[in-house]
Amino acid sequence: MTRSADLLRFNTCGSVDDGKSTLIGRLLYDSKSLMEDQIEALERSADITGAGQINLANLTDGLRAEREQGITIDVAYRYFATPRREFIIADTPGHVQYTRNMVTGASSSNLSVILVDARLGVIEQSRRHACIASLLRIPHLVVAVNKMDLVDWSEERFLEIRAQFEQFLPRLDMKDVAFIPVSALNGDNVVDPSPNAPWYGGPTLLGHLESVHIGSDWNLSEFRLPVQWVNRPNNPKHAGLHDFRGLSGQIAGGIVRRGQDIMALPSGFTSKVREIWTLDGSLREAFAPQSITLVLEHDIDVSRGDMLVDPAALPGAGGDLHARICWLHPRPLQAGRKYFLKHTTQTVQAVVTAIEHRINVATLDAEPGAPELAMNDIGEIRVRTSKPIVYDGYASNRLTGSFILIEQGTNATVGAGMLHPPAETAQPEYRDFVI
Amino acid sequence: MSNYYLDHLQYLETESIHIMREVAAEFERPALLFSGGKDSICLLRLAEKAFRPSELPMPLLNIDTGHHFPELNSFRDARAAELGAKLIVRTVEAALAKGVAVQSPGQVSRNHLQIPVLLAAIEEFRFDCCIGGARRDEEKARAKERFFSFRDGFGQWDPKNQRPEIWNLYNARINPGENMRVFPLSNWTEKDVWEYIGREKLAVPSIYFSHRRRVVRRHGQWLPVSELAPPKPGERVEDLVVRVRTIGDVISTGCVESPANSVADIISEIAVARVTERGSRADDKVSEAAMEDRKKAGYF
Ligand SMILES: Nc1nc2c(ncn2[C@@H]2O[C@H](COP(=O)(O)OP(=O)(O)O)[C@@H](O)[C@H]2O)c(=O)[nH]1
């Protein structure tokens, strides 16, 4: 199969009026991703609002409610492609609900773009966005210093802002941070290099997005397959399928090879991979995040919610969990409340046993003594689940280290949790069991 | 470059398969909306990828306005039979006869009538989830749509009350009477859909390819002439070589002049196309908020 361009997911964040909508509009416009009817619609709304000028920001302001209130209420997704890459932009607004929205939009991002207004420099909101990106462990960060035209393209000012940000970086544990001076309004350094900043030798924003290395953003070292669906044909037409029993799922980490040893958790039953089944034929090996169906040598008892792992790299397990949580709902989190907890492919009952402290999202400092977590708060909590779950720390695997909390009754998704590394590795339930 | 990386189509594919399997595992009575259009053709292939060698664990459902292109319906029936899938068709015609749906006076289009017919089918079969082929790049209101789009007891979408979707964890829990619409192609663009059709060598209805058709110019687009949609006084009927980019009904689906005869032609046409595909559907032009209004009322 010929491989085509790969895909980069990124999100944009900035305070209101930093120029985020203009920047996205500019990326779409200058990369020729806009269509005639979209431009026509822009012109129509420009006439209606009377300003008479095309407003690139209108491109990303979707719902009527927003147009009426003049605010963006949620995450919106935009798509564009260049010959080198396809892009998914999660546009997350910067007003009060920013933490919730940013977590929602950025959880699967490879990269975050933080906008800073060159006149204002690094403000508290910029620090918050950087902290959230760091908490979510987004691998790459771009600080786009916008409105450079309003500071006469001063290199000094750019370096000053860069220094402000770098002062703050050591706490963030971010390995890849790029600084780019831009003017979203005029298009400098967004898609086309700017003649106004001869002192800047780096790539344009799009150039950087096209070339940043995302190949190692997935954990490829510890095999994890949360079992999603047991694939057992009912009335197979082919006799060979009578005994087919496949375990389907999306690989959450690592690589699996035909013939390798495998352990099912929490049971601890072991077997070998007989076949990696896909509609396109059997594979010799498969890796995260491919969706596959494994056929094992032995008919061990495995169902949805179990995890198949490499016995040489066991995950953790337990029912007493320590996690960071971002609270997403207007009804605050209080210790003692019961929720459903969805982790990989299983949902269990859970009770939040303690709120240890709130995290100051602008400094990452602990703020002890928080009786509850309100919407947009991030805090450290203890959770006890009705049965042990098999997991990794979020830092080593975003998929096996994360969970959501669901409110019982309303079924609202109320919390997004990131697990600390497990204290104990998984102990097979049936230790002495030998097939 | 390491061998362990996915290109954009492979990435979109694995994301969609994961969502399909979540639906099969979390819902009791799901259905897959299949019209025979290009997006639902991709959906069906993804369902095969997710569930083979088993049978598809859900029936296919189509709401037939009676204004479909005949090519589309015959394609739909043939494809369902080929896959051995169960196909359920509910028609606007029957719903009008039974009074389940009522046409507003003077209205010719039946697009809005799909809503009550779909809701009635959901009730009839007690479907708790319908998988649809909508994509976020189609339209502004869709850009905010979730993969798992929660609908209340009336099938309504409330843009302010959608569940946050974080990592690949989808909250599929609903109470009795409530419903979920799931859109596995949310992150796909028109270009991705055609590239996938090309890569997977999928058959599509002939009207996507260039053919001769009698059309009239109306509201800046070429509309097909048929018994249902005759030319208005003063309109000149032309015989042009056209194709359709997106299939609605025979009344409002605009045609584009195009010589594209193969999937490869279509892909290169899209690469330089200057009009989005929804730009060729008259029903969205009515107002900027047209789609949003229909979604709130329970549209797919
Ligand atoms: N001078 C100048 N103005 C800008 C630039 N980028 C955005 N603006 C203006 O800043 C205002 C806010 O921009 P907008 O994109 O709506 O900000 P958002 O709230 O972050 O989405 C608008 O009036 C823009 O025209 C820039 O690079 N230079």
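Colleague: What is the secondary structure of chain A?

Modeller: In this predicted model, chain A has seven helices and 24 strands.

Colleague: What percentage of its residues are buried?

Modeller: Of the 435 residues in chain A, 60% are buried. The accessible surface of chain A is about 17,600 Å², and carbon and sulfur atoms account for 48% of that surface.

Colleague: What share of the contacts in chain A with a separation of 6 or more comes from residues 24 or more positions apart?

Modeller: Such residues account for 72% of those contacts in chain A.

Colleague: Turning to the ligand, which residues come nearest?

Modeller: There are 16 residues around the ligand, and A:Asp17, A:Lys20, A:Ser21, A:Thr22 and A:Asp149 come nearest.

Colleague: How do the residues of that shell divide into nonpolar, polar and charged?

Modeller: The shell around the ligand holds five nonpolar, six polar and five charged residues. Its largest share, three residues, is contributed by helix 1 of chain A, residues 20-30.

Colleague: Which polar side-chain atom lies 2.8 Å from a nitrogen atom of the ligand?

Modeller: That atom belongs to A:Asp149. The ligand taken alone exposes 580 Å², of which the protein buries 75%.

Colleague: Moving along chain A, where does A:Asp377 lie?

Modeller: A:Asp377 sits in the loop between strand 21 (372-373) and strand 22 (378-391) of chain A.

Colleague: Is A:Asp377 buried or exposed, and why?

Modeller: A:Asp377 counts as buried because its relative accessible area is 15%, and the cut-off for buried is under 20%.

Colleague: What does A:Asp377 touch, not counting residues up to four places away in sequence?

Modeller: A:Asp377 touches A:Ile325, A:Cys326, A:Trp327, A:Arg358 and A:Glu372. The side chain of A:Asp377 also reaches the backbone nitrogen of A:Ala374 at 2.8 Å. Between A:Asp377 and A:Leu328 there are 8.1 Å in space, C-alpha to C-alpha, although they are 49 residues apart in sequence.

Colleague: Now chain B. How many of the 10 residues of helix 6 are buried?

Modeller: Seven of the 10 residues of helix 6 (residues 190-199) of chain B are buried, so this helix is largely enclosed by the rest of the structure. The buried residues are B:Glu190, B:Asp192, B:Val193, B:Trp194, B:Glu195, B:Tyr196 and B:Ile197.

Colleague: What covers the buried residues of that helix?

Modeller: The cover includes strand 3 (85-91) of chain A, along with helix 1, helix 2 (38-51) and helix 7 (263-272) of chain B. Just after helix 6 of chain B, B:Lys201 adopts a positive phi of about 55°.

Colleague: Helix 1 of chain B was mentioned. Where is B:Gln10 found?

Modeller: B:Gln10 belongs to helix 1 of chain B, residues 8-26. With 17% relative accessibility, B:Gln10 counts as buried. The side chain of B:Gln10 reaches the backbone nitrogen of B:Asp7 at 2.8 Å.

Colleague: Finally, how many bridges join strand 7 of chain B to strand 9?

Modeller: Five bridges join strand 7 (residues 211-218) to strand 9 (residues 238-244) of chain B, and these strands run antiparallel. B:Arg212 stands opposite B:Val241 in strand 9.

Colleague: What joins strand 9 of chain B to strand 10?

Modeller: Three bridges join strand 9 to strand 10 (residues 255-257) of chain B, and they too run antiparallel. The bridge partner of B:Arg243 in strand 10 is B:Val256.

Key:
Residues numbered from 1 in each chain as written. Chains lettered and ligands numbered in written order. Predicted model: local features only at pLDDT ≥ 70, side-chain atom pairs only at ≥ 80, totals over all residues. Heavy atoms only, no water. Helix = DSSP H or I, 4+ residues; strand = E, 2+ residues; numbered from the N terminus. Buried < 20%, exposed > 50% of the residue type's maximum accessible area, 1.4 Å probe, protein only. Polar contact = N/O pair within 3.5 Å; in protein donor to acceptor, adjacent residues only side chain to side chain. Near = heavy atom within 4 Å. Areas by Shrake-Rupley, 256 points an atom, 1.4 Å probe, with all protein chains shown as cover. Nonpolar A, V, L, I, M, F, W, Y, C, P; charged D, E, K, R; others polar. Pairing = 2+ DSSP bridges. Contact = heavy atoms within 4.5 Å.
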